[in-house]
Amino acid sequence: MAKAPLLIPAVAVIAAIALSSMFVVDERERALVLQFGQVKQIKTTPGLGFKVPLIQEVVTYDDRILSLPTRPLEVTPLDDRRLVVDAFARWRIVDLVKFREAVGVGGQTVAKSRLDGILNNAIREVLGSVPSTAVLSDDRTPLMNRIRDLARREAAALGIDVIDVRLTRTDLPEQNLSATYDRMRAEREREAADERARGGEAAQRVRATADRTVVEVTSEARKQAEIIRGEADAEANGIYADAYSKDPHFFAFTRALQFYTVSMKPGSSSLVTQPDSVYFDYDRFLQSIGEGKAATQ
């Protein structure tokens with residue numbers, strides 16, 4: 001019975017030591033068991049783990065994919081047009097031992113600071129090797145992949161894997177916007193003037209070709225018309241001659257009627273003559289125009 005008061009504290013001490021020798025790793029974490037700063041055990045699976053009480057300690061690190069937004073960064077592409085760039089990276093701790101050796105007791109805070117510097121250097125190096133038009137374009141995937149690969153190689157020394165890098169904003173500095181817009185406007189106006197000049201030149205060529213074609217077609221049409229008209233007149237004269245040879249008197253009569261029709265057409269000049277004028281004497285009229293009986297004798 002005298003030993004009972006001593007047994008309870010001993011059991012309590014043993015229980016405390018047993019509990020302090022156990023640790024639990026969450027499924028979102030991985031752990032290192034350290035002894036005097038040296039890594040003695042790596043716990044990568046969730047569940048219960050054991051360590052030497054008082055001598056060993058447990059340090060846990062996040063096993064999830066983490067994000068790191070960068071601060072606004074000014075870069076200078078090949079054409080010396082300064083740009084302001086924002087980006088973010090997704091990263092993960094893949095080598096606990098190397099990570100611990102690289103960042104020490106600072107953990108993820110120090111890792112983020114060093115990774116931020118790596119990303120900034122990669123962004124400056126990649127974007128500084130291309131013109132600003134490539135940075136401001138809609139498809140920046142090749143550039144982001146190059147930044148990711150470069151940052152991944154540098155971050156590997158920290159035990160970190162850079163999974164992805166995205167450019168969230170690429171814009172001009174506020175003080176450069178006006179000058180840049182003016183330069184872009186001048187470039188577009190020069191391109192528009194060149195296009196208009198080329199269009200005017202092409203229009204002149206088309207217009208000249210069309211005018212030449214019109215002249216050629218019109219000349220050819222006039223020539224054909226004259227030929228047809230000449231052939232028609234020759235045919236008409238032949239018909240007239242044939243008709244005259246068959247009945248000269250009737251032919252002369254129709255010619256007189258044609259003359260009367262033209263001379264008495266509404267709106268023509270007035271005709272002043274005497275009743276016994278040759279105009280009203282058919283035989284004398286035909287003789288006067290060389291188509292009467294006297295003319296045929």
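Me: Before we start, buried means under 20% relative accessible area, exposed over 50%, and partly exposed in between (1.4 Å probe, protein chains only). What are we looking at?

Reply: This is a predicted model, where local features need pLDDT of at least 70 and side-chain atom pairs count only at pLDDT 80 or more, while totals for chains, interfaces and linings use all residues. Numbering runs from 1 along each chain as its sequence is written, and side-chain values use heavy atoms, with hydrogens and water left out.

Me: What makes Tyr 61 and Phe 99 an aromatic pair, and why is it edge-to-face?

Reply: Rings of Phe, Tyr and Trp (its six-membered ring) pair if their centres lie within 6.5 Å; planes under 30 degrees apart count as stacked, over 60 as edge-to-face and the rest as tilted. By this rule the count comes to one aromatic pair. Tyr 61 and Phe 99 sit 5.2 Å centre to centre with 80° between the planes, so they pair edge-to-face. The partners are 38 residues apart, with Tyr 61 in strand β5 (residues 56-62) and Phe 99 in helix α2 (residues 96-103). Helices (H or I, at least four residues) and strands (E, at least two) are DSSP runs, numbered from the N terminus.

Me: Are those two residues buried or exposed?

Reply: Tyr 61 and Phe 99 are both buried.

Me: How do you know that β6 and β8 pair?

Reply: Two strands pair if DSSP finds at least two bridges between them. Strands β6 and β8 (residues 83-93) have four, in the antiparallel sense, so they qualify. Leu 68 stands opposite Ala 89 in β8.
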